Amino acid sequence: MNIKGALKKIWIFVTEVKRITLLTNPDKCNKSCPLCFLQQRQRPFGMGEMPFEIAKNAIEKYGVLGNLKEVVPSTMGEPLLYSHFEDLLDLCMEKGVKVNLTTNGTFPEKWGTAGGLKKLLRSCSDIKISCMEFPNAFWMDNVECLLALRKELGAEDAATVSLQVTLHKKLLPQLQHILRWAENVGVWRIKWNKVVFLAVASAKLREEFQIDEKDLDTLRRLLCSSKVLCQGSLFFESSNSGKYCPFKNEIWVLPDGSLENCPNPERRFGNMMAKLAQCVHCGMG
């Protein structure tokens, strides 16, 4: 490919990016969930916290072309603990870009106050609370508070409120209870995500948390609702492998400003040479 062709390819890629994920603070969290990829590999990501200038430059780079719709802060760590999280919210509001937030539901510091929660509701497209255990009165109370404030603000002007449930063996007896509770309180969506293990995950961890593949079809039938939108990797079609890339309009920005366009956790957090790191969608393997 000549230089002109290569530049054209880069330009098309940049203009098609609709969502960017900023790994703002992968090693900064107030919980130690056993299935976290950093816990699985037993060492931190190691790049520290993202300088705000890198976050700002990434948002301006992709936002100036007019196609950027969402910014996702962090995929490891608790994004609300990012030192510049409020600056990030303000910048995105200024640029007319929504923040798609996934949090562990603790809502630390000012974000647990009515004022903090309202700011999140005004600034975000969706607020997903990550669920690994149920019942858990602390995050459940926070979700109900969030939903009450959303109603107060007016649903059309506020973020949707979702759950992101990690499907693991210990949670199996509670899954339908989660669905019923979500229906009753008014959660918009549940992302039912299959547990993911890195190649280095211990046999003990797998034994403790892994769900038998034969149970997944049963879960697909059970975990659906007319009141709550049910999505997530539980429902992904494996028959699409190799036909298209579901992440072709996304980019991931690491704390040092380097870029990745594949979210495969084995590639980012595990062993690049492992079979699990090979991606049939993007051909990067």
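The model is predicted, so local features need pLDDT of at least 70 and side-chain atom pairs count only at pLDDT 80 or more, while totals for chains, interfaces and linings use all residues. Residues are numbered from 1 along each chain as its sequence is written, and side-chain values use heavy atoms, leaving out hydrogens and water.

Let's begin with the overall picture. The protein chain has 10 helices and nine strands; these are DSSP runs numbered from the N terminus, with helices being H or I of at least four residues and strands E of at least two. Of its 285 residues, 46% count as buried, where buried means under 20% relative accessible area, exposed means over 50%, and partly exposed lies in between (1.4 Å probe, protein chains only). Contacts here are heavy atoms within 4.5 Å. Among the contacts with a separation of 6 or more, 76% join residues 24 or more positions apart. The accessible surface of the protein chain comes to about 14,500 Å², and 54% of that belongs to carbon and sulfur atoms; accessible areas come from the Shrake-Rupley method with a 1.4 Å probe, and for residues only the protein chains shown count as cover.

Now step inside. In soluble globular proteins, nonpolar side chains tend to be buried together. A nonpolar core is a set of buried Ala, Val, Leu, Ile, Met, Phe, Trp, Tyr and Cys residues joined through side-chain atoms within 4.5 Å. The largest one has 62 residues, of which I20, L22, L120, I127, L163 and W192 touch the most other members. Apart from it lies another core, of nine residues, including L38, M76, L198 and W252.

Next, look at the charged side chains. Side chains of opposite charge can pair when their charged atoms come close. The whole structure contains 17 salt bridges, each one a side-chain nitrogen of Lys or Arg within 4 Å of a carboxyl oxygen of Asp or Glu. K119 forms one with E86, with the closest N and O atoms 2.9 Å apart. Since K119 sits in helix α5 (residues 114–123) and E86 in helix α4 (residues 85–95), this pair ties together parts that are 33 residues apart in sequence. K119 also forms a salt bridge with D90, at 2.8 Å between the closest N and O atoms. D90 lies in helix α4 and K119 in helix α5, so this pair links parts 29 residues apart in sequence.

D217 and R220 meet in a salt bridge of 2.5 Å, N to O. They are three residues apart in helix α9 (residues 216–222), so about one helical turn separates them.

Finally, which arginine is found in helix α10 (residues 265–269)? The answer is R268, which is buried at 9% relative accessible area. Beyond residues up to four places away in sequence, R268 touches L23, R41, W252 and C262, among others.

C262 is itself buried, at 6% relative accessibility. The structure holds zero disulfides, a disulfide being a pair of cysteine sulfur atoms within 2.5 Å. For C29, the closest cysteine sulfur is that of C33, at 6.3 Å, too far for a bond.
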